[in-house]
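Student: I have a model open in my viewer and would like to talk it through with you. Shall we take it step by step?

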Amino acid sequence: MQSDNDNSEQLIRENLAFIHRRIAAACAASEREITAVKLLLATKTVPPEKIKIAIANGETLIGENKIQELKEKDAALAGLKLERHFIGHLQSNKVKDVLRYASCIQSVDRLAIAEALQKRLELESRQLDIMIQVNTSFEESKFGLHPDQVLHFVEAMKQFPLLHITGLMTIGLFDADPEKVRPSFRLLRTLRDEIVNNGLLPAAQCRELSMGMSGDLETAIAEGATIVRVGTAIFGKRSYPDSYYWNEQTA
Ligand SMILES: *Cc1c(COP(=O)(O)O)cnc(C)c1O
(Lines give C-alpha, C1' and ligand atoms only; values in the text may rest on other atoms or scores of the structure.)
Protein backbone atom coordinates (compact mmCIF):
# COMPACT_ATOMS: atom_id res chain seq x y z
CA MET A 1 0.00 0.00 0.00
CA GLN A 2 2.67 2.46 1.09
CA SER A 3 4.75 2.06 -2.03
CA ASP A 4 1.62 2.41 -4.08
CA ASN A 5 0.96 5.78 -2.48
CA ASP A 6 4.53 6.90 -3.03
CA ASN A 7 4.13 5.99 -6.63
CA SER A 8 0.98 7.95 -7.13
CA GLU A 9 2.47 10.98 -5.36
CA GLN A 10 5.43 11.05 -7.68
CA LEU A 11 3.25 10.39 -10.68
CA ILE A 12 0.91 13.27 -9.87
CA ARG A 13 3.88 15.61 -9.48
CA GLU A 14 5.34 14.51 -12.79
CA ASN A 15 2.00 14.80 -14.53
CA LEU A 16 1.52 18.30 -13.17
CA ALA A 17 4.97 19.34 -14.34
CA PHE A 18 4.21 17.94 -17.76
CA ILE A 19 0.86 19.76 -17.98
CA HIS A 20 2.51 23.04 -17.03
CA ARG A 21 5.12 22.48 -19.73
CA ARG A 22 2.32 21.84 -22.24
CA ILE A 23 0.53 25.02 -21.15
CA ALA A 24 3.76 27.03 -21.36
CA ALA A 25 4.56 25.70 -24.83
CA ALA A 26 1.03 26.41 -26.07
CA CYS A 27 1.20 29.96 -24.69
CA ALA A 28 4.56 30.52 -26.35
CA ALA A 29 3.28 29.18 -29.67
CA SER A 30 0.40 31.67 -29.70
CA GLU A 31 2.45 34.49 -28.15
CA ARG A 32 0.32 34.64 -25.05
CA GLU A 33 1.56 35.32 -21.53
CA ILE A 34 1.76 32.16 -19.46
CA THR A 35 -0.11 33.98 -16.67
CA ALA A 36 -3.07 34.38 -19.05
CA VAL A 37 -3.99 30.70 -18.68
CA LYS A 38 -5.04 29.09 -15.40
CA LEU A 39 -5.06 25.38 -14.69
CA LEU A 40 -8.21 23.98 -13.10
CA LEU A 41 -7.93 20.45 -11.76
CA ALA A 42 -11.00 18.45 -12.72
CA THR A 43 -11.21 16.27 -9.62
CA LYS A 44 -14.33 14.15 -10.15
CA THR A 45 -13.77 10.68 -8.60
CA VAL A 46 -10.36 11.82 -7.29
CA PRO A 47 -9.96 11.24 -3.53
CA PRO A 48 -8.85 14.14 -1.28
CA GLU A 49 -5.44 12.56 -0.61
CA LYS A 50 -4.57 12.91 -4.28
CA ILE A 51 -6.01 16.41 -4.54
CA LYS A 52 -3.84 17.38 -1.56
CA ILE A 53 -0.72 16.23 -3.39
CA ALA A 54 -1.57 18.62 -6.22
CA ILE A 55 -2.28 21.44 -3.77
CA ALA A 56 1.03 20.83 -1.98
CA ASN A 57 2.58 21.15 -5.42
CA GLY A 58 1.20 24.67 -5.81
CA GLU A 59 -2.19 24.14 -7.43
CA THR A 60 -5.05 26.30 -6.13
CA LEU A 61 -8.04 25.78 -8.42
CA ILE A 62 -10.24 22.69 -8.56
CA GLY A 63 -13.53 21.89 -10.24
CA GLU A 64 -16.12 19.32 -9.18
CA ASN A 65 -19.10 17.96 -11.12
CA LYS A 66 -21.20 16.66 -8.25
CA ILE A 67 -22.46 18.34 -5.09
CA GLN A 68 -22.03 15.03 -3.33
CA GLU A 69 -18.30 15.01 -4.06
CA LEU A 70 -17.90 18.66 -3.00
CA LYS A 71 -19.50 17.70 0.30
CA GLU A 72 -17.57 14.49 0.85
CA LYS A 73 -14.18 16.09 0.20
CA ASP A 74 -14.86 19.35 2.03
CA ALA A 75 -13.65 18.36 5.50
CA ALA A 76 -10.48 16.73 4.17
CA LEU A 77 -9.57 19.89 2.24
CA ALA A 78 -10.56 22.38 4.95
CA GLY A 79 -8.02 25.08 5.68
CA LEU A 80 -6.13 24.69 2.43
CA LYS A 81 -5.66 27.63 0.10
CA LEU A 82 -8.08 26.54 -2.53
CA GLU A 83 -10.64 27.92 -4.97
CA ARG A 84 -13.43 25.54 -5.90
CA HIS A 85 -15.56 25.87 -9.01
CA PHE A 86 -18.60 23.84 -9.91
CA ILE A 87 -18.38 22.48 -13.46
CA GLY A 88 -21.19 19.91 -13.52
CA HIS A 89 -24.88 19.88 -14.22
CA LEU A 90 -26.66 21.81 -11.48
CA GLN A 91 -30.16 21.08 -10.25
CA SER A 92 -32.30 23.76 -8.64
CA ASN A 93 -32.72 21.81 -5.42
CA LYS A 94 -28.92 21.75 -4.94
CA VAL A 95 -28.44 25.50 -5.15
CA LYS A 96 -28.05 26.02 -1.43
CA ASP A 97 -25.40 23.30 -1.19
CA VAL A 98 -23.40 24.45 -4.17
CA LEU A 99 -23.21 27.96 -2.74
CA ARG A 100 -21.73 26.58 0.44
CA TYR A 101 -18.79 24.99 -1.34
CA ALA A 102 -18.11 26.69 -4.66
CA SER A 103 -17.02 30.27 -5.37
CA CYS A 104 -17.89 30.09 -9.05
CA ILE A 105 -20.37 28.06 -11.06
CA GLN A 106 -19.08 27.55 -14.59
CA SER A 107 -22.09 25.59 -15.78
CA VAL A 108 -25.05 27.99 -15.74
CA ASP A 109 -27.07 27.12 -18.83
CA ARG A 110 -30.71 27.97 -18.12
CA LEU A 111 -32.70 30.80 -16.61
CA ALA A 112 -34.42 28.57 -14.06
CA ILE A 113 -31.11 27.77 -12.39
CA ALA A 114 -30.03 31.43 -12.57
CA GLU A 115 -33.27 32.44 -10.88
CA ALA A 116 -32.83 29.85 -8.13
CA LEU A 117 -29.28 31.10 -7.53
CA GLN A 118 -30.37 34.73 -7.46
CA LYS A 119 -33.08 33.97 -4.87
CA ARG A 120 -30.69 32.13 -2.61
CA LEU A 121 -28.02 34.84 -2.96
CA GLU A 122 -30.60 37.47 -1.96
CA LEU A 123 -31.20 35.52 1.26
CA GLU A 124 -27.47 35.31 1.87
CA SER A 125 -26.86 38.95 0.83
CA ARG A 126 -24.01 38.16 -1.50
CA GLN A 127 -22.94 37.85 -5.12
CA LEU A 128 -21.57 34.95 -7.10
CA ASP A 129 -19.24 34.59 -10.05
CA ILE A 130 -20.71 32.44 -12.79
CA MET A 131 -19.92 31.41 -16.34
CA ILE A 132 -22.35 30.45 -19.03
CA GLN A 133 -21.94 26.94 -20.39
CA VAL A 134 -22.39 26.68 -24.13
CA ASN A 135 -22.93 23.52 -26.14
CA THR A 136 -20.45 24.22 -28.92
CA SER A 137 -20.46 20.68 -30.31
CA PHE A 138 -24.20 20.59 -31.01
CA GLU A 139 -24.34 17.11 -29.47
CA GLU A 140 -27.58 16.34 -27.66
CA SER A 141 -25.81 14.51 -24.86
CA LYS A 142 -23.99 17.62 -23.71
CA PHE A 143 -25.34 20.33 -21.45
CA GLY A 144 -25.07 23.96 -22.30
CA LEU A 145 -26.95 26.64 -24.15
CA HIS A 146 -27.32 26.42 -27.89
CA PRO A 147 -24.86 28.99 -29.33
CA ASP A 148 -27.72 30.88 -31.00
CA GLN A 149 -29.27 31.58 -27.60
CA VAL A 150 -26.23 32.98 -25.85
CA LEU A 151 -26.68 36.69 -26.59
CA HIS A 152 -30.34 36.62 -25.55
CA PHE A 153 -29.43 34.70 -22.46
CA VAL A 154 -26.82 37.24 -21.40
CA GLU A 155 -29.40 39.98 -21.95
CA ALA A 156 -31.96 38.09 -19.84
CA MET A 157 -29.40 37.56 -17.07
CA LYS A 158 -29.63 41.29 -16.31
CA GLN A 159 -32.67 40.42 -14.17
CA PHE A 160 -30.35 38.51 -11.84
CA PRO A 161 -27.92 41.20 -10.68
CA LEU A 162 -26.31 39.06 -7.98
CA LEU A 163 -24.91 36.76 -10.66
CA HIS A 164 -21.67 38.20 -11.97
CA ILE A 165 -20.84 36.73 -15.38
CA THR A 166 -17.09 36.33 -15.78
CA GLY A 167 -17.10 34.45 -19.08
CA LEU A 168 -18.08 31.34 -20.99
CA MET A 169 -17.40 27.62 -20.58
CA THR A 170 -17.63 24.73 -22.99
CA ILE A 171 -16.73 21.06 -23.17
CA GLY A 172 -16.46 20.96 -26.96
CA LEU A 173 -16.63 18.12 -29.36
CA PHE A 174 -15.26 14.89 -27.93
CA ASP A 175 -12.77 13.75 -30.52
CA ALA A 176 -9.21 12.51 -30.40
CA ASP A 177 -8.33 14.83 -33.27
CA PRO A 178 -7.78 18.34 -31.85
CA GLU A 179 -8.45 19.87 -35.26
CA LYS A 180 -12.01 18.58 -35.07
CA VAL A 181 -12.41 20.21 -31.66
CA ARG A 182 -11.01 23.58 -32.77
CA PRO A 183 -14.31 24.94 -34.22
CA SER A 184 -15.96 24.43 -30.80
CA PHE A 185 -13.31 26.54 -29.09
CA ARG A 186 -13.33 29.15 -31.83
CA LEU A 187 -17.10 29.42 -31.53
CA LEU A 188 -16.89 30.05 -27.79
CA ARG A 189 -14.40 32.83 -28.33
CA THR A 190 -16.54 34.36 -31.09
CA LEU A 191 -19.54 34.36 -28.76
CA ARG A 192 -17.55 36.07 -26.04
CA ASP A 193 -16.43 38.72 -28.55
CA GLU A 194 -20.04 39.23 -29.66
CA ILE A 195 -21.18 39.72 -26.08
CA VAL A 196 -18.54 42.39 -25.60
CA ASN A 197 -18.93 44.02 -29.03
CA ASN A 198 -22.69 44.27 -28.56
CA GLY A 199 -22.13 46.11 -25.31
CA LEU A 200 -23.84 43.42 -23.21
CA LEU A 201 -20.89 43.12 -20.82
CA PRO A 202 -17.59 44.98 -20.49
CA ALA A 203 -14.53 43.16 -21.86
CA ALA A 204 -12.81 43.39 -18.49
CA GLN A 205 -15.69 41.47 -16.91
CA CYS A 206 -16.52 38.87 -19.56
CA ARG A 207 -12.91 37.75 -19.84
CA GLU A 208 -12.84 34.00 -19.08
CA LEU A 209 -12.94 31.27 -21.68
CA SER A 210 -12.98 27.97 -19.81
CA MET A 211 -12.17 25.39 -22.47
CA GLY A 212 -9.67 22.65 -23.19
CA MET A 213 -9.11 19.38 -21.32
CA SER A 214 -6.40 16.70 -21.13
CA GLY A 215 -6.48 15.88 -24.82
CA ASP A 216 -6.96 19.27 -26.43
CA LEU A 217 -5.65 22.02 -24.17
CA GLU A 218 -3.10 23.22 -26.77
CA THR A 219 -5.85 23.87 -29.30
CA ALA A 220 -7.95 25.62 -26.66
CA ILE A 221 -5.07 27.88 -25.65
CA ALA A 222 -4.41 28.73 -29.30
CA GLU A 223 -8.08 29.76 -29.54
CA GLY A 224 -7.91 31.94 -26.43
CA ALA A 225 -8.64 29.72 -23.41
CA THR A 226 -8.02 31.42 -20.06
CA ILE A 227 -8.87 28.34 -17.97
CA VAL A 228 -8.05 24.78 -19.01
CA ARG A 229 -9.75 21.99 -17.05
CA VAL A 230 -7.59 18.90 -16.72
CA GLY A 231 -8.35 15.62 -14.97
CA THR A 232 -7.13 12.44 -16.62
CA ALA A 233 -3.68 13.72 -17.60
CA ILE A 234 -2.97 14.49 -13.94
CA PHE A 235 -4.84 11.90 -11.89
CA GLY A 236 -5.13 9.05 -14.37
CA LYS A 237 -8.10 7.33 -15.94
CA ARG A 238 -11.45 7.39 -14.16
CA SER A 239 -13.48 4.27 -13.56
CA TYR A 240 -16.75 6.03 -14.41
CA PRO A 241 -17.44 6.94 -18.03
CA ASP A 242 -17.84 10.69 -18.53
CA SER A 243 -21.41 10.11 -19.67
CA TYR A 244 -22.15 9.46 -16.00
CA TYR A 245 -21.31 13.11 -15.35
CA TRP A 246 -22.45 14.61 -18.58
CA ASN A 247 -25.81 12.89 -18.91
CA GLU A 248 -29.06 14.35 -17.58
CA GLN A 249 -30.47 11.01 -16.42
CA THR A 250 -27.72 10.41 -13.90
CA ALA A 251 -26.90 14.00 -13.00
C1 LIG B 1 -13.97 15.62 -16.46
C2 LIG B 1 -14.08 17.00 -16.95
C3 LIG B 1 -12.96 17.68 -17.45
C4 LIG B 1 -11.57 17.06 -17.54
O5 LIG B 1 -11.53 16.07 -18.51
P6 LIG B 1 -10.19 15.21 -18.74
O7 LIG B 1 -10.36 14.65 -20.09
O8 LIG B 1 -10.17 14.17 -17.68
O9 LIG B 1 -9.04 16.13 -18.63
C10 LIG B 1 -13.15 18.98 -17.89
N11 LIG B 1 -14.35 19.59 -17.85
C12 LIG B 1 -15.45 18.97 -17.37
C13 LIG B 1 -16.75 19.69 -17.35
C14 LIG B 1 -15.35 17.66 -16.92
O15 LIG B 1 -16.45 17.05 -16.46
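Predicted model: local features only at pLDDT ≥ 70, side-chain atom pairs only at ≥ 80, totals over all residues.

Student: How far apart should the end C-alpha atoms of helix α7 be, at 1.5 Å a residue?

Tutor: Helix α7 covers residues 178–197, which makes 20 residues. The expected span is 1.5 Å times one less than the number of residues. For α7 that comes to 28 Å, and the distance in the model agrees, at 28 Å.

Student: Which residues of α7 are buried, and where on the helix do they lie?

Tutor: Buried here means under 20% relative accessible area. In α7 that holds for Val181, Ser184, Phe185, Leu188, Leu191, Arg192 and Ile195. Looking down the axis of α7, these buried residues fall within an arc of 110°, so they line one face of the helix.

Student: What covers the buried residues of α7?

Tutor: The cover includes both helices and strands. Among the strands are β6 (163–169) and β7 (208–210). The helices included are α6 (150–156) and α8 (217–222).

Student: Which residue has a side-chain oxygen that reaches the backbone nitrogen of Glu179?

Tutor: Look at the start of α7 for this one. The oxygen comes to within 2.9 Å of that nitrogen, and the side chain is that of Asp177.

Student: Is Glu223 buried or exposed?

Tutor: Glu223 sits in the loop between α8 and β8 (227–230). Its relative accessible area is 6%, and the cut-off for buried is under 20%. Glu223 is therefore buried.

Student: Which side chains make polar contacts with the side chain of Glu223?

Tutor: Beyond its neighbours within four places in sequence, Glu223 is in contact with residues including Phe185, Arg189, Leu209 and Met211. For polar contacts, there is one of 2.9 Å with the side chain of Arg182. There is another, of 2.8 Å, with the side chain of Arg186.

Student: How much of the ligand's accessible area does the protein cover?

Tutor: Twelve residues surround the ligand, and among the closest are Lys44, Ser214 and Arg238. Oxygen atoms of the ligand lie 2.7 Å from a side-chain N or O atom of Asn65, 2.9 Å from a backbone N or O atom of Gly231 and 2.5 Å from a side-chain N or O atom of Thr232. On its own the ligand has 390 Å² of accessible area, and the protein covers 96%.

Definitions and conventions
Residues numbered from 1 in each chain as written. Heavy atoms only, no water. Helix = DSSP H or I, 4+ residues; strand = E, 2+ residues; numbered from the N terminus. Buried < 20%, exposed > 50% of the residue type's maximum accessible area, 1.4 Å probe, protein only. Arc of directions from axis to C-beta. Contact = heavy atoms within 4.5 Å. Polar contact = N/O pair within 3.5 Å; in protein donor to acceptor, adjacent residues only side chain to side chain. Near = heavy atom within 4 Å. Areas by Shrake-Rupley, 256 points an atom, 1.4 Å probe, with all protein chains shown as cover.
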